[in-house]
Amino acid sequence: MKAGDGQTTYGLQIQPRMGFFTDTSICIGCKACEVACKEWNLVPEDGLEWTGHSYDNTGALDANTWRHVAFVEQQVDDGLRWLMSSDVCKHCTHAGCLDVCPTGAITRTEFGTVVIQDDVCNGCGYCVTACPFGVISKREIGGDGGMHKCTLCYDRLEDGLEPACAKACPTKSIQFGPVDELLARAEGRVEELHEAGVGDARLYLADETDGVGGGGAFFLLLDRPEVYGLPPDPVDPTKHLGEAWGAALAAGAALVAGALVAFLGGRR
Amino acid sequence: MTSYYGRPIIKEPVWKPEIPTYFFTGGLAGGAALLTLGARLSGNDVLARRALAVNTAAITVSPLLLIKDLGRPKLFYNMLRVFKVTSPMSVGTWIVSASGTASGVAAACEVTGLLPRVKRAAEGVAGALAPFLSTYTAALVADSVVPAWHEARRELPFVFAGGSAASAGGAVAALTPSRAAGPARRLAIVGGALELAATKAMEDGLGELVGEPYRTGLGGTLSKGAKAATAAGTALMALAGRRRVGAVAAGALLCTGALLERFAVYHAGKASALDPRYTSVPQRERTGRLTQR
């Protein structure tokens, strides 16, 4: 079903898949996205520490950091190159966290985004082990105990607003919109950069054939993903669950065979 | 290898030691349920009674460990909202619930001497669920991005099945008079051998890099301890298991080995999540032949 063609579901108009295109080539590292996200979503303060890692004092995405700006300092021929990139939950097409959640707390919204329902999550932590990007973690602050991550500002989307981070971004490094429109724009931008001599520009998670089926949030990077702390070839672990279940059944059969040997196999 | 200030790419699992302890008690309960059913079917009530006791004790402790580990223990019942085959934890919740109920009913009948047919049926249900109870936890940890678990997905269920048989056989043999304990001893020996062989196959299969957390650090130490205890317990059960004191020592060693192996897997997984090499190097190698986009 195509969105925007007037079709309805449960009485509501079908929504297009919404997402982020983060163009790191124009990120200036202002961290307005981090601040806007914290403010709007009431994400608690989780410590103010100096890491010594360039201007990055947030460190990584987690339960209390839903936008994270990475700062990479690289030695190049004519001096120093500074890469900045605002990272976020990828809202994967094949989302490991959603697949493994045993309570159904993690759901996909009408916008194609992935959201944790806080009142359902019982803090089992399985999603933490299933995210190829290390996005989700447990919030310990205030005895919360639940798992948290970016909601792509689900509340704002329902009111027709753009997410707080995209709204606050002063350079339009963070772009919000229907994913198919963003993809077209991103491909144009890569071409533009290649023509301008930036041969390293590449898209990350913009390919629906990758291990997570592409991201609802994807990126334009200027170096290899691992330079920014991103996995080079992320895969939804559930893709291989058939092998694990098959092995578990075979091992269960081996256990039964062992018991048969134990009962039938001797007179001692 | 390049990384972002050496920081992890994936998150360290948040599970506490209750979880590997449960992997042990769940396996113990599964193996003991099989022994209970086999003993009852073969008319060995002396053995069946002990096996049922071990099974019931282990399956009673299991959900307590699981609930204690939750970030929000009061909401544990939300596990029963859905049944999802894409979530081994969801499937496992139902297996543990059904198995625990069956064992509880069987134990109540055994103690009171009432409803013998219900007891047999309940033992049958627990026995039928036992192979799943003993191995689903391996599929659970394998269905993750943690390299030391995910890449071991084909072998890990056999490690857990072996540990289940070894610990249950060992524990029940230790509690049962020697003349009635033959099947428990044999299950312990078969299980110990399977656990050792499967662990070796798993560590070899993981290869030089991803197998490292099973050879070094805390995971490596625990793994070595597990192998030593399981090997000693298996040998002792074979040589001296018919003497009660031998069976008790062998049973203790086999249970120790199975418990240490679960903790080895747990800590190897944590170590493999904390170091970005284990995530990014294999991924880079498999994409290396593709052109960079």
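# Chat on strands, helices and the A–B contact

Trainee: Which strands pair over 10 bridges?
Mentor: Strand 4 (residues 67–76) and strand 5 (residues 79–88) of chain A pair in the antiparallel sense over 10 bridges. Strands (E, at least two residues) and helices (H or I, at least four) are DSSP runs, numbered from the N terminus, and two strands pair if DSSP finds at least two bridges between them.

Trainee: What should I know about the model and its numbering?
Mentor: This is a predicted model, in which local features need pLDDT of at least 70 and side-chain atom pairs count only at pLDDT 80 or more, while totals for chains, interfaces and linings use all residues. Residues are numbered from 1 along each chain as its sequence is written, and chains are lettered from A and ligands numbered from 1 in the order in which they are written.

Trainee: Back to strands 4 and 5 of chain A: how many residues lie between them in the hairpin?
Mentor: Two residues lie between strand 4 and strand 5 of chain A in that hairpin. One of the bridges joins A:R67 to A:V88 in strand 5.

Trainee: In what order do the strands of the open sheet in chain A run?
Mentor: The order is 10-3-12-11, four strands with mixed pairing. Strand 10 (174–178) and strand 11 (202–204) of chain A each have a single partner strand, so they stand at the edges and one side of each has no neighbour in the sheet. From one strand to the next the twist averages 25°; such angles run from 0 to 180 degrees between N-to-C directions, and axes are lines fitted to C-alpha atoms, for helices over the stretch in contact.

Trainee: How many bridges join strand 11 to strand 12 of chain A?
Mentor: Three bridges join strand 11 to strand 12 (residues 217–221) of chain A, and the two run antiparallel. A:R202 has A:L221 in strand 12 as its bridge partner.

Trainee: New topic: how is chain A divided into domains?
Mentor: Domain 1 of chain A covers 8–235 and domain 2 covers 237–268, with bounds from an automatic or database domain assignment. Their C-alpha centres lie 41 Å apart.

Trainee: How many residues of chain B are in contact with chain A?
Mentor: 67 residues of chain B are in contact with 61 residues of chain A, contact meaning that the C-beta atoms, placed from the backbone, lie within 7 Å. On the chain B side, helix 4 gives the largest share, eight residues. By class, that side has 32 nonpolar, 22 polar and 13 charged residues.

Trainee: What counts as nonpolar, charged or polar?
Mentor: Ala, Val, Leu, Ile, Met, Phe, Trp, Tyr, Cys and Pro count as nonpolar, Asp, Glu, Lys and Arg as charged, and the others, Gly among them, as polar.

Trainee: At what angle do helix 7 of chain A and helix 7 of chain B pack?
Mentor: Helix 7 (residues 241–264) of chain A packs against helix 7 of chain B at about 140°, with the axes 8 Å apart. The two helices are therefore oblique to each other; angles under 35 degrees count as roughly parallel, over 145 as roughly antiparallel, 65 to 115 as roughly perpendicular and the rest as oblique.

Trainee: Which residues meet there?
Mentor: Among them are A:G258 and A:F263 from chain A, and B:P183 and B:L194 from chain B. The contact divides into nine nonpolar, two polar and one charged residue.

Trainee: And how do helix 6 and helix 9 of chain B pack?
Mentor: Helix 6 and helix 9 (residues 244–274) of chain B pack at about 150°, with their axes 8 Å apart. That makes helix 6 of chain B roughly antiparallel to helix 9 of chain B.

Note on methods. Two residues are in contact if their C-beta atoms, placed from the backbone, lie within 7 Å.
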